[in-house]
Amino acid sequence: MGVLALGSAALMLVLRQPMRVALALITTMMALGGIYGLLGVHFIAAFQVLIYVGAVMVFIVYVIMLMELREAEGNRRFSGWRVPGLVVFALLVLVLVVSVWSGGTGSLPPAASAPFSLTQFSAEFLSRYWLVFELTSVFLVAAIVAALAVIKVSRRVDG
Amino acid sequence: MDRTQLLLGLSIALFALGLLGLIIRRNALVMLMCMELMLNGVNLSLVTFSERYADAGGAVLVFLVFIVATAEIALAIPIVLLLVRHTRSMDIGRYTDLKG
């Protein structure tokens with residue numbers, strides 16, 4: 001499952017057409033959903049598939065089909081930043097992997113026997129984190145207003 | 001090397017690949033998708049720790065990341081559409097007239 005996620009994520013970087021990149025990203029997300037399911041947090045797996053694959057990626061695929069723009073043949077696929085980008089990539093992976101591996105799992109508590117249940121999660125979400133829950137609704141309203149503003153701007157550009 | 005370390009390695013790899021794609025690709029939509037990939041990598045590490053500690057706090061954070069990612073895409077896509085209609089191209093090199 002992890003190999004599948006990693007492979008399709010790497011494929012995302014080299015594919016040329018946006019639609020194929022989107023399909024590779026969908027494969028990655030489905031594989032991640034599978035990993036969540038295997039870890040025992042089934043509701044997060046369900047929401048991963050529902051929200052990411054069902055909403056976000058369908059939106060992106062729809063936009064790609066709507067634009068129906070092929071990249072011009074002469075266009076370069078990669079920007080001039082690819083050498084510094086690769087250097088940063090190598091450094092980041094090196095630092096993070098070394099820190100994870102050298103730390104070991106000694107400092108972590110022993111693994112819990114069973115992951116938390118959906119009931120526990122919901123109770124925690126609405127009692128201890130209620131403020132975050134309420135702020136989320138404000139955030140969503142702000143996002144809707146901003147999207148409407150962007151649409152208004154695009155109408156003005158057209159007309 | 002146990003399961004937690006493997007999953008953390010996978011999440012590091014996903015995040016780094018997303019960052020690499022964000023830096024080296026020129027297509028605006030592909031860059032957006034690479035940002036989603038980075039968010040997915042972070043989510044995987046959050047779920048891993050949350051499951052390891054049997055604490056629901058990490059899962060709450062994962063839900064918030066879901067919400068932020070959805071709102072981000074819902075805002076970014078109309079902007080990209082506007083830019084594409086304006087310049088007839090998805091190449092970020094052509095968006096130089098965005099300077100204020």
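**How the chains meet**

Modeller: The contact draws 79 residues from chain A and 69 residues from chain B. Keep in mind that this is a predicted model.

Biologist: What makes a residue count as part of that contact?
Modeller: Contact asks for heavy atoms within 4.5 Å, and on the chain A side 79 residues pass that test against chain B.

Biologist: How do you know how much area chain A and chain B bury between them?
Modeller: Buried area is the accessible area that two parts lose on being put together, summed over both, so the figure of about 6700 Å² covers chain A and chain B. Carbon and sulfur atoms carry 80% of it. In chain A, the residues that lose the most area to chain B are Leu13(A), Leu39(A) and Tyr52(A), together 10% of what that side buries.

Biologist: Which element gives the largest share of the chain A side?
Modeller: That's α3(A), with 13 residues. By class, the chain A side that touches chain B has 61 nonpolar, eleven polar and seven charged residues.

Biologist: How many salt bridges link chain A and chain B?
Modeller: The rule wants a Lys or Arg side-chain nitrogen within 4 Å of an Asp or Glu carboxyl oxygen, and the count between these chains is zero. Polar contact does turn up across the interface, in three residue pairs.

Biologist: What makes up the lining of the second largest pocket?
Modeller: Lining residues need an atom within 4 Å of a pocket point, and those that qualify include Leu39(A), Gly2(A), Arg3(B) and Leu10(B). The largest share, four residues, comes from α1(B). The volume is about 160 Å³, and the lining has six nonpolar, one polar and one charged residues.

Note on methods: Residues numbered from 1 in each chain as written. Chains lettered and ligands numbered in written order. Predicted model: local features only at pLDDT ≥ 70, side-chain atom pairs only at ≥ 80, totals over all residues. Heavy atoms only, no water. Buried area = accessible area lost by both parts, 1.4 Å probe. Polar contact = N/O pair within 3.5 Å; in protein donor to acceptor, adjacent residues only side chain to side chain. Helix = DSSP H or I, 4+ residues; strand = E, 2+ residues; numbered from the N terminus. Nonpolar A, V, L, I, M, F, W, Y, C, P; charged D, E, K, R; others polar. 1 Å grid on protein atoms, 1.4 Å probe; cavity = no way out; pocket = protein on both sides within 12 Å on 5 of 7 lines; lining within 4 Å. Points joined across faces, edges and corners; volume = space filled by probe spheres on them.
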